[in-house]
Structures are given as structure tokens and as C-alpha cells.
Amino acid sequence: HGCGERGRYSSRSELWVAGHSSKCGRCGMSENQPSLVQVIAEDVAQGRWEVLMDGSLFRSIRGVQSKIELIETPNALASLSRSIKFDRTSNAALRAIAQAAANTDGQTAAQTSERVCLAIAEVLGLLPAVIQRLETDVDAVRLVNNLAANCMRSAELFVTTPGSMDALKASSIKFKLHSFGVINHLSRCPEASKALIAHGFVEDVLYPALDVGDEPLSVEQEATIARGTLALANLTGTGTSTDKCPGANRVALETIVKVLDHAVRGERLATITWLPPAVLYGLRNMTHITANKITLLECGLAPVLTKVLDQWVPETGLPTLELSMESVRNLSREQECIQVLWEAGIVSVLQRLADKLDKQSYSKISHSHTHTDQEHAATVMVLADEARRLVEVLLERHVALCMGQHRRLGAQSPIMVLDDAIVFKILQFAFGTTTGSKGPFYL
């Protein structure tokens with residue numbers, strides 16, 4: 001300062017949020033104060049691990065900005081990596097890093113979370129140190145789960161680290177819930193899924209764990225079954241094959257619908273924050289199986305998928321939209337599924353979605369300055385066309401019914417020989433619920 005005074009704080013509790021300005025008491029000069037996480041991260045970088053062991057670092061990591069500040073503090077991650085190797089500091093370090101890798105801000109923070117996780121996974125020696133703790137510390141499993149959930153490259157780095165597969169298989173016995181989360185997220189990565197299959201995770205881990213009866217399950221058991229079933233769908237079905245992905249039992253399918261519903265509403269289940277793409281990836285594969293389709297719709301999937309599409313915004317990301325629309329397309333191939341989708345209101349949602357995507361693609365094209373922007377706009381246009389094609393498929397039977405009543409087009413239709421009361425009842429069943437009690441036109 002002009003008065004010679006240096007900025008200082010009597011305690012960390014006096015620190016302000018990043019970028020907040022205060023004034024020197026002597027000269028009134030404005031100063032930008034670092035955030036709490038920045039100051040603590042600097043302590044960690046210098047080997048002062050007491051702020052790690054007392055939980056100060058863990059508590060300071062809240063929100064996207066704090067995670068960026070942590071990974072951008074020189075030597076902070078390297079110091080945390082070293083501290084994992086020592087019993088005295090290992091758990092505290094794993095908890096803090098796992099917190100930084102977690103996407104607690106939803107899908108709008110997906111890109112930032114990917115950047116944070118990649119920075120963590122690329123720290124020299126960090127993944128080998130974590131793998132050494134997988135069998136003994138659940139926070140090590142949580143860390144790998146978060147890395148694989150938010151960054152495909154992190155998943156690849158994990159499976160190529162020596163000893164990772166054996167350690168994960170061992171941890172799936174003691175820490176089943178979180179280990180099955182790791183397996184599920186790894187199964188969405190092509191390279192990682194090959195490693196899982198090669199190391200026998202399908203036969204040795206997933207099939208035995210999913211052999212459950214109809215007895216009531218705890219919330220944690222439900223989450224484990226959901227993760228295992230989704231992973232199995234990913235590992236045994238590629239999304240184009242209909243003969244590899246196995247059918248699932250009703251308990252598993254009910255749980256997956258429940259998990260997707262929680263993900264759409266942004267609510268935690270079994271202490272887990274579920275993101276729609278992680279659920280939809282496996283669900284997309286499962287909807288290639290006819291038996292799965294019928295059971296999923298009986299378990300209430302149609303209104304949940306409708307909600308996913310209805311609430312979609314650009315910040316949510318294209319993967320959610322692509323996977324949910326592909327699931328709808330798979331379901332619509334069965335005639336008995338079409339009416340259920342109609343009654344969930346998905347037709348009107350798809351119509352609005354197509355208009356929304358048209359506006360977004362036009363805006364992207366008008367303001368695109370890079371090849372990436374142009375590719376994004378092209379993808380959005382394809383999705384808009386796909387939404388319209390789905391509407392046509394879902395309306396085929398309804399259009400045919402209306403054409404049957406046309407004086408010229410339906411002149412030869414058998415429906416013309418029916419009396420008005422019977423036709424009225426047919427319309428109620430076609431355009432309303434399966435009980436014929438109501439319809440979109442209040443027939």
C-alpha cells in the first residue's frame with residue numbers, strides 16, 4: 001500500500017469471497033482479497049497439512065469457482081497427491097480431492113467439472129496412490145467415481161494405471177455402492193468398458209450382485225442395483241445390438257426409473273447426486289429389449305422421459321437430449337408402447353422441443369465463428385428433425401383414425417358403418433387414457 005501496510009488477516013474466518021474488495025484502515029487503499037480456498041490451498045501447497053487434517057480445505061470447497069481456484073493454485077494438487085501416501089493425512093486428502101471432483105452444481109457445470117477432474121487425474125502419481133487405497137478407504141472409491149462420472153479421459157487414465165482393475169474388483173466387495181458407481185461410469189467409456197470386460201466384471205461382479213428376489217430393498221441397495229443394471233446394459237449392449245443386452249428384472253427397472261426421476265428433479269438418492277446422462281446411457285441400451293420396454297413403461301418411465309425432454313435447456317447439454325430421444329425412438333418401435341407415450345404428453349413436448357431447437361440452431365448459425373459452433377448447430381438441426389420424426393411416428397395411428405372419418409379419404413373405411421356412440425368411444429380410447437375417461441380434446 002502507499003502507507004507501507006501489507007494486507008493481512010487475523011484469521012481465516014475474516015476472508016471474503018474471491019474478488020471482493022476491502023480498504024486498508026490506514027490509507028483507504030482498495031485491495032482484492034483472495035478467497036478462503038485459495039489461502040488454504042497455498043498452505044497445502046507449502047506442506048502445511050494441518051489445514052487439511054482439520055477439515056478446513058474440505059469445507060472450503062463449495063461450488064464451481066472454489067474448485068477452479070484449488071486446481072489453479074500452484075503445487076496444491078501435487079502436495080495433496082503426496083499426502084495420500086501417508087496414513088496420517090490420506091483420508092483427509094482423499095475427501096478433499098473427491099469433493100473437488102464432484103459435480104455438485106448439476107449439468108450446467110458439466111464442462112467445468114470435466115476440466116477439474118482432468119486436472120486431478122493428470123497429476124503425476126495421484127492415481128497410483130489412490131488405487132493403493134481403494135480396498136481400505138471408501139473416499140478413494142468416491143474419488144474415482146467422481147472422476148469417471150465427469151471426465152471420459154479420467155476414466156481412460158484410471159483403467160490404464162497398473163493394478164486398477166484388481167483393486168476395483170476387491171473394493172466392490174467391501175464398498176459395493178460406490179464401487180458399482182465406478183463400474184457404471186467406466187462402462188460408458190469405450191476403452192474402459194473393454195478393460196472391465198477383459199477382467200471379468202460382468203461374470204464375477206455384476207451378474208452375482210444383480211441376482212436378487214422381489215423382497216423389499218433399502219435405498220442403498222436400490223441404488224446399487226440401479227448402478228449395476230445400468231453398467232451391465234452398457235457392457236453387454238452397444239446401443240445397436242438387440243441380442244446382447246440382457247433383460248432386467250422388474251426390481252432393477254423400477255429402481256432405474258426412480259433414479260432417473262430423482263436425477264431430473266435434482267434430488268439425491270442414497271446420498272448420491274445422479275445426473276441424467278449417467279442414467280440415460282444405460283437406459284438407452286436397455287430399451288432395445290422388448291421385455292424391458294414394456295416393464296419400464298409399466299414402472300412409469302414415460303412421464304419421466306417426458307419431463308427430461310420438457311425441461312431440457314441448452315445448458316443441460318446435448319448428450320441428455322440425444323440419449324433421451326433415442327430411448328423414446330426405441331420405445332416407439334413397439335405398438336403397445338405408443339399409446340403410453342402419447343398419454344404421458346410426449347407428443348406436445350416434442351413439438352415444442354423441435355421449435356426450440358430450430359431457434360437455437362438458427363442463433364448458432366447466425367453467430368458461429370468457429371468450426372465447433374457450426375458442428376454444434378448442425379447437431380441441433382438433426383435433433384430438431386428427429387423430434388419431428390418421432391411426432392409423426394407417435395401420431396400415425398391417430399392420423400389414420402381421423403382419415404377413416406373423412407368423407408372422401410375414408411369412404412371405404414369400416415368405421416363408417418359404426419354408429420356415433422361407438423365411434424365416440426373409439427375416439428375416447430384413442431385420444432384419451434386407456435380407460436377412455438378423458439382426452440386432449442375433452443371428448
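A salt bridge is a side-chain nitrogen of Lys or Arg within 4 Å of a carboxyl oxygen of Asp or Glu. The legends below describe close-up views of a predicted model.

**View 1. Salt bridge between Lys-307 and Asp-261.** The side chains of Lys-307 and Asp-261 form a salt bridge with an N to O distance of 3.2 Å. This pair links distant parts of the chain, with Lys-307 in helix 19 (residues 301-310) and Asp-261 in helix 16 (residues 250-265), 46 residues apart. Lys-307 is partly exposed, at 27% relative accessibility, whereas Asp-261 counts as buried, at 17%. Because buried means under 20% relative accessible area, the value of 17% places Asp-261 in the buried class. Both residues also belong to a network of salt bridges that links Asp-261, Arg-265, Glu-267 and Lys-307.

**View 2. Salt bridge between Glu-72 and Arg-115.** The count of salt bridges in the model comes to 20, and one of them joins the side chains of Glu-72 and Arg-115, at 2.5 Å from N to O. Glu-72 belongs to helix 4 and Arg-115 to helix 7, so the pair ties together parts that are 43 residues apart in sequence. Glu-72 is partly exposed, with 47% relative accessibility. Arg-115 is likewise partly exposed, with 44%. Side chains of opposite charge can pair when their charged atoms come close.

**View 3. Salt bridge between Arg-388 and Asp-355.** An N to O distance of 3.9 Å is found for the salt bridge between the side chains of Arg-388 and Asp-355. Here too the pair links distant parts of the chain: Arg-388 is in helix 23 (residues 371-404) and Asp-355 in helix 22 (residues 346-367), 33 residues apart. The relative accessible area is 31% for Arg-388, which is partly exposed. For Asp-355, also partly exposed, the value is 45%.

**View 4. The largest cavity and its lining.** One cavity of 30 Å³ or more is counted in the model. The largest cavity has a volume of about 40 Å³. Its lining consists of Val-64, Lys-67, Ala-102, Asn-103, Thr-104, Asp-105, Thr-112, Ser-113 and Val-116. Two or more of these residues come from each of helix 4 (63-72) and helix 7 (110-121). Helix 7 gives the most, with three residues. By class, the lining holds three nonpolar, four polar and two charged residues.

**View 5. Nonpolar patch on the surface.** Val-417, Leu-418, Ile-422 and Ile-426 form a nonpolar surface patch, and their accessible area together is about 330 Å². Of these residues, Ile-426 is located in helix 24 (residues 420-431). Ile-426 is partly exposed, with a relative accessible area of 31%.

View 6. Ile-40 is part of helix 1 (residues 36-45) and is buried, with a relative accessible area of 2%. The C-alpha atoms of Ile-40 and Thr-73 are 9.8 Å apart, although the two residues are separated by 33 residues along the chain. Leu-390 is part of helix 23 and is also buried, at 3% relative accessibility. Between Leu-390 and Val-328 the C-alpha to C-alpha distance is 8.0 Å, with a separation of 62 residues in sequence.

View 7. The buried residues are Leu-177, His-178, Ser-179, Phe-180, Gly-181, Val-182, Ile-183, Asn-184, His-185 and Leu-186.

**View 8. Positive phi at Ala-270 and Thr-271.** Most residues other than glycine have a negative phi. Ala-270, which is not a glycine, has a positive phi of about 55°. Thr-271 also has a positive phi, near 65°. Ala-270 lies in the loop between helix 16 and helix 17 (276-286), and Thr-271 is in the loop between helix 16 and helix 17 as well. Ala-270 is buried, at 16% relative accessibility, while Thr-271 is exposed, at 57%.

Definitions and conventions: Residues are numbered from 1 along each chain as its sequence is written. This is a predicted model: local features need pLDDT of at least 70, side-chain atom pairs count only at pLDDT 80 or more; totals for chains, interfaces and linings use all residues. Side-chain values use heavy atoms; hydrogens and water are left out. On a 1 Å grid over the protein atoms alone, a cavity is a set of points where a 1.4 Å probe fits but cannot get out, and a pocket is an open set with protein on both sides within 12 Å along at least five of seven lines; lining residues have an atom within 4 Å of a point. Grid points are joined across faces, edges and corners, and a volume is the space filled by probe spheres set on the points. Helices (H or I, at least four residues) and strands (E, at least two) are DSSP runs, numbered from the N terminus. Ala, Val, Leu, Ile, Met, Phe, Trp, Tyr, Cys and Pro count as nonpolar, Asp, Glu, Lys and Arg as charged, and the others, Gly among them, as polar. Patches are made of residues with over 30% relative accessible area and no salt bridge: like charges are joined within 9 Å, nonpolar side chains (Val, Leu, Ile, Met, Phe, Trp, Tyr) within 5 Å. Accessible areas come from the Shrake-Rupley method with a 1.4 Å probe; for residues, only the protein chains shown count as cover. Buried means under 20% relative accessible area, exposed over 50%, partly exposed in between (1.4 Å probe, protein chains only).
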